[in-house]
Amino acid sequence: MLIKNRRFSGGYRFSKFEGEPGEKIIENPVPQKVIIPLKQGFGKEVVPVVKKGDAVKAGQMIGNDANSVSNPVHSSVNGTVEDIQKMAYPDGEIESVIIHSDGTDGWQALKGQSSDWKKLSDEKIEELIYLSGVAALDSAGIPTRFNSSIVPPKDIKNIIIQAAGDEVYNLSPEVLFEGDRLNQFIYGIRLLRRVMPGAAVHIVLNKYLKKLINKISSLSRDSDWIKIYPLEPKYPQSCNEVVIPTVLKKKYPYGFLPASIGVVVLSAQTALHVYEAVALGKPLIERTIALCGPGFDENLHVKVRVGTPVNDIISPNVKNPEDCRFVTDSTMKGNTITDTGLPIQRTWSKIVALREKKEGEMLSFAKPGFAKDSYSMTFASSFINFKKNADTNIHGEERACISCGFCEQVCPVGIIPHLLFRYTERDLVDEILVIYRIYKCINCNLCTYVCPSKIQVAAYIKEGTEKLLEMGIDYTDPVKQSFELKGLEEYKGLTE
Ligand code: SF4
Ligand code: SF4
């Protein structure tokens, strides 16, 4: 069923940037070594179930913890455990299993998988999804009876599948749904519904991809619980705080997970992994990663084993890695890859290579800007069809706020960024910021992006939120009072 005319106020549509990934996909060879962090995706770090010197198979479980909200982790290659040690990642130290690969291909199927998978019971499907590690994907995991999320499957009333692509760079839909993958995507959704039978499924698509919308509508015609939403692909539509109110017309509990109000938000790639887990018995050992941005020689997609060092992927495709900044997933708020010796994780879908451009640009606003993106449409690029540059420069110097209101126009959650930034800049941090709903900021960075005065608006707002926390002001109180949140105890355990 098609649902039209849903939109949110604010946001911004990025289009025609240099370095968008094309339709080519290649398979990366089996790596010589993989590093598998024992926490990847939703849930707590798990404990190793192998030891140094053990022979392992690709697809074999190497980490698990039945007693915590967590998901199993697998070896992605056939080989031998070389070491198990703590390693430093951008978000902290994580115990990691280092495996020396024997170079052979193939993987071990999950126990209980059947070629007659359409006849499997709901319980078996749920078990396969959990055992595969797929339940760890996306912002709050997939609920199963095995403690993979903060709530049980019966509490889920809505599943949102994100396939619109709202970022500067997005996975190509032609690659994502190539060949029989569109059918597999729909099977994946049907399997998810077997685990969460009380849920309606909402598929969010880019409204400009009419052929894809028609194909998905036709494949799901016999299921009135599937609803399709063709939306303007505006950033940051993929954020839970934006997509849930837009699609479900439901308020979001800022600071908490969608599962706490009975919603699961998943990516299209996750639905495909669900299909692979159940129909093929394939554990989550491989990802399709788009190589985006002008720093790469060729912008293509790579099928890669989880745990492959980032270097293995970028070295053949980047001439001068020292001139680039590498970012995972979101260009606007993704993590910078500080050490390219660290591994590709099972949650990743993009590596963006931006040219590092540190030198200041005097009077940037006065130049013609054939390749500059501009919210105010003051550059020639708004009228002439040139690809726009994406680099790390702010293109100008910080100036005083001119009260243009652009930051307020684009803010997707309806707060007033210039007001919040001014309070924080002047160190006027107290309850007044809670009254101005600072807690609704989702750190999308759009206010900073559009600011013509080059003010780091979002960074100021983040600083204000952190100061409130330091002062012991619990800004989540108004949220807790307005919602009946489920899974709070489990969530607390995860945020410690
Ligand atoms: S970073 Fe926060 S304040 Fe700025 S646009 Fe995004 S949600 Fe609004
Ligand atoms: S976009 Fe920048 S200059 Fe304009 S009101 Fe916001 S903070 Fe001020």
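Student: Which loop holds Asn 147, and is Asn 147 buried or exposed?
Tutor: This is a predicted model, so keep that in mind throughout. Asn 147 sits in the loop between helix H1 (122–132) and E9. A residue needs 20 or more other C-beta atoms within 10 Å to be buried. Asn 147 has 21 C-beta neighbours inside 10 Å, so the call is buried.

Student: What about the backbone there: what is phi of Asn 147 near?
Tutor: Asn 147 isn't a glycine, and still its phi is positive. The value is near 70°.

Student: How does Arg 437 count, with 16 C-beta neighbours inside 10 Å?
Tutor: Arg 437 is another non-glycine residue with a positive phi, near 60°. You'll find it in the loop between helix H10 (431–435) and H11. Buried takes 20 or more neighbours and exposed takes 12 or fewer. With 16 inside 10 Å, Arg 437 therefore counts as partly exposed.

Student: Back to H1: why is it called largely enclosed by the rest of the structure?
Tutor: The buried residues of H1 include Ile 125, Leu 128, Ile 129 and Leu 131, and also Glu 126 and Glu 127. Helix H3 (181–195) and H6 are among what covers them. H1 is largely enclosed because the buried ones make up eight of its 11 residues.

Student: Which residue just after H1 takes a positive phi?
Tutor: Look just past the end of H1, where phi comes out at about 90°. That residue is Gly 133.

Student: What is the strand order in the open sheet of four strands?
Tutor: Start from the edges: strand E11 (226–231) and strand E12 (263–267) each pair on one side only. The pairing is parallel, and the twist averages 20° from one strand to the next. Reading across, the order is E11-E10-E9-E12.

Student: Which residue of E12 is the bridge partner of Ile 159?
Tutor: Strand E9 (residues 158–163) and E12 run parallel, joined by five bridges. In that pairing, the E12 partner of Ile 159 is Val 264.

Student: At about what angle to E12 does helix H6 run?
Tutor: Helix H6 (residues 268–280) lies across both E9 and E12. H6 also turns up in what covers the buried residues of H1. Its angle to E12 is about 90°.

Student: Which two residues does the cis peptide bond join?
Tutor: Go to the loop between E11 and helix H5 (240–248), where Pro 236 lies. Omega is about 0° for the bond in question. The two residues are Tyr 235 and Pro 236.

Student: How many residues of strand E16 are buried?
Tutor: E16 covers residues 350–355 and is mostly covered. Strand E13 (residues 286–292) runs parallel to E16 with three bridges, and Leu 291 stands opposite Ile 351. The buried count for E16 is five of six.

Student: What is the direction of E15 relative to E16, parallel or antiparallel?
Tutor: Strand E15 (residues 324–328) is joined to E16 by five bridges. One example is Arg 325, whose bridge partner in E16 is Leu 354. The two strands run antiparallel.

Student: How many residues of domain 2 are in contact with domain 1?
Tutor: Domain 1 spans 32–101 and domain 2 spans 113–280, with 26 Å between their C-alpha centres. Domain 1 brings 10 residues to the contact; by class, that side has four nonpolar, six polar and no charged residues. From domain 2 the number is 11.

Student: Which helix gives the largest share of the shell around ligand 1?
Tutor: The shell has 16 residues, with Cys 411, Cys 441, Cys 444, Cys 447 and Ala 458 closest. By class it has 14 nonpolar, two polar and no charged residues. Helix H11 (446–450) and helix H12 (457–470) are the elements giving two or more. The largest share, three residues, comes from H12.

Student: And ligand 2: how many of the residues in its shell are nonpolar?
Tutor: Of the 15 residues around ligand 2, Cys 401, Cys 404, Cys 407, His 418 and Cys 451 come nearest. Helix H8 (406–410) and helix H9 (417–425) each supply at least two. Four residues of the shell are polar and none is charged, and the nonpolar count is 11.

Key. Residues numbered from 1 in each chain as written. Chains lettered and ligands numbered in written order. Predicted model: local features only at pLDDT ≥ 70, side-chain atom pairs only at ≥ 80, totals over all residues. Near = placed C-beta within 6 Å. Nonpolar A, V, L, I, M, F, W, Y, C, P; charged D, E, K, R; others polar. Pairing = 2+ DSSP bridges. Axes fitted to C-alpha atoms, helices over the stretch in contact; angles between N-to-C directions. Contact = placed C-beta atoms within 7 Å. Domains from an automatic or database assignment.
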